[in-house]
Amino acid sequence: MTLPKKFLVLVCDLVIAALILGSIWGVNYLIPQKGVRAQVMSGTAYGETAETDNTAQAQTNRAQAGQIQAQEGVESDAAIQEAEKTQQTLTDMMAGTLKTTKVSLDSQDWHQKFADQFTDHVVTTENSYTSPDLAIHLSYDSYDSSRLDSTSQGDHTRYGTNISYVLADIYVGDITCFQTGFAQDTYGVGFSEKLSDMSARLGAVLAVNGDSYSNSRHKDNGTIIRNGVIYRAQPTDMETCVLNWDGTMKIYGPEEIDTQQLIDSGAYQSWIFGPSLLDENGKAKSSFLTWNYIRESHPRTAIGYYEPGHYCLLVVDGRQSTTRGMFLEEMAALFEQLGCKAAYNLDGGHCSFMTFQDRTARHPYRPDHKVSDGIFISEGIQKKI
């Protein structure tokens, strides 16, 4: 066989191998698999009758009344217990046959705690949104890090040393202002949707991409809890970030995850990507539980926690001639500087995206990319009826 023929055979083999691998990837990750319909936290559920809708709305109204009583100091413990009971009923209805976590709300009234942040009516500017239940303020920053990224065989050096990002400072009066959602309202593999479309459908003021929960299909792909509903409970070799019903946030190591503990402690949301960025004292970490690719500089999305009811969401631009993205240690230093008690890295790269009041809040290197899930800051369930 002549050399050209050998070369042609080799090329054909490579093409066939690429087609096989591409087919496997498409079947496993791109083509939607059988999914689980996820409910939107609105007090009603898909496909319910009007009678059921009226019952759910009445329950939501009672939950709101209980919250208002607690806010006004009319009935402290009793009002909170009533709100917890009603919210539990709503969450159980939303979950259908899936398991839910125990609703355990904060005893402190966030409306009073952050009274200087909220306004009596909705007030908007280009970079802010305030209402009786929500306060969001965007801030932008750019600076020269004086550091080139020489990883990945120097591929990132072309992006230079500049860093630019947008930070959303968020106060909520009710934990249901902090919601998550799946693309096409479906938990499963291969379901995707533009973040802007998801945000509009869910009525969010602010939205960022989530953890791309469906990227990992191996058996140890972690625990996924969204809006109090448990969609997946598997072991993991990564850190898991958990936001509880009472507004607290905790990040668990791989050996610490226990589903029953999460149920009993009132887990509200969970994300499996990471790594965590701060230690237990709120200081920036210098080593991270992740793989080498994530250690390179990238566009980033991350969540920060100050205290119950006060959070921040960070989106970092990157892979552009004017901005390279952030290293994990740079992002950790920023969250320490902000005074966060905990911070967690979400999916980044082409998935990093933020919308605010129906517009793109930053300059991503790709247009509005389809993602599998997101975080949505809205007016909460009592404002959706």
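Trainee: Which residues of helix 9 are buried?

Mentor: They are Leu328, Glu330, Met331, Ala332, Leu334 and Phe335, in a helix of residues 328-338. Buried means under 20% relative accessible area, exposed means over 50%, and partly exposed lies in between, with a 1.4 Å probe and protein chains only. Helices (H or I, at least four residues) and strands (E, at least two) are DSSP runs, numbered from the N terminus. This is a predicted model: local features need pLDDT of at least 70, side-chain atom pairs count only at pLDDT 80 or more, and totals for chains, interfaces and linings use all residues. Residues are numbered from 1 along each chain as its sequence is written, and side-chain values use heavy atoms, with hydrogens and water left out.

Trainee: What covers the buried residues of helix 9?

Mentor: The cover includes strand 5 (162-172), helix 8 (292-295), strand 15 (300-307), strand 16 (310-316) and strand 17 (342-345). Just after helix 9 comes Gly339, with a positive phi of about 90 degrees.

Trainee: How many residues of strand 6 are buried?

Mentor: Five of its five, in residues 178-182, so by the under-20% rule the strand is mostly covered. Phe178, Thr180 and Phe182 point one way, and Gln179 and Gly181 point the other way. In a regular strand the side chains alternate between the two faces of the sheet.

Trainee: What makes strand 6 and strand 21 a pair?

Mentor: Count the bridges. Two strands pair if DSSP finds at least two bridges between them. Strand 6 and strand 21 (residues 373-377) are joined by five and run antiparallel, so they pair. Phe182 stands opposite Asp373 in strand 21.

Trainee: Where does strand 6 stand in the sheet?

Mentor: The sheet is open and has five strands, in the order 6-21-9-18-19, with antiparallel pairing. Strand 6 and strand 19 (359-360) stand at the edges; each has a single partner strand, so one side of each is left without a neighbour in the sheet.

Trainee: How do you know that strand 18 and strand 19 pair?

Mentor: They share two bridges, in the antiparallel sense. The rule asks for at least two, so they qualify. Phe356 has Arg359 in strand 19 as its bridge partner.

Trainee: Why is the ring pair of Phe182 and Tyr231 called edge-to-face?

Mentor: Rings of Phe, Tyr and Trp (its six-membered ring) pair if their centres lie within 6.5 Å; planes under 30 degrees apart count as stacked, over 60 as edge-to-face and the rest as tilted. By this rule the count comes to eleven aromatic pairs. For Phe182 and Tyr231 the centres are 5.0 Å apart and the planes stand at 85 degrees, so the pair is edge-to-face. Phe182 lies in strand 6 and Tyr231 in strand 11 (residues 229-236), so the pair ties together parts that are 49 residues apart in sequence. Phe182 has 3% relative accessibility, so it counts as buried. Tyr231 has 14%, so it counts as buried as well.

Trainee: What makes Asp106 partly exposed?

Mentor: Its relative accessible area is 23%. Asp106 sits in the loop between helix 3 (77-95) and helix 4 (110-113).

Trainee: What makes the link between Asp106 and Trp110 a polar contact?

Mentor: A polar contact is a pair of N or O atoms within 3.5 Å; within protein, one must be able to donate a hydrogen and the other to accept it, and residues adjacent in sequence count only if both atoms are side-chain atoms. The side chains of Asp106 and Trp110 are joined at 2.8 Å, so the distance passes. The side chain of Asp106 also reaches the backbone nitrogen of Gln108, at 3.3 Å.

Trainee: Why is Ser352 called buried?

Mentor: Its relative accessibility is 6%, so it counts as buried. Ser352 lies in the loop between strand 17 and strand 18 (354-356). Its side chain makes a polar contact of 3.0 Å with the side chain of Thr301.

Key:
Contact means heavy atoms within 4.5 Å.
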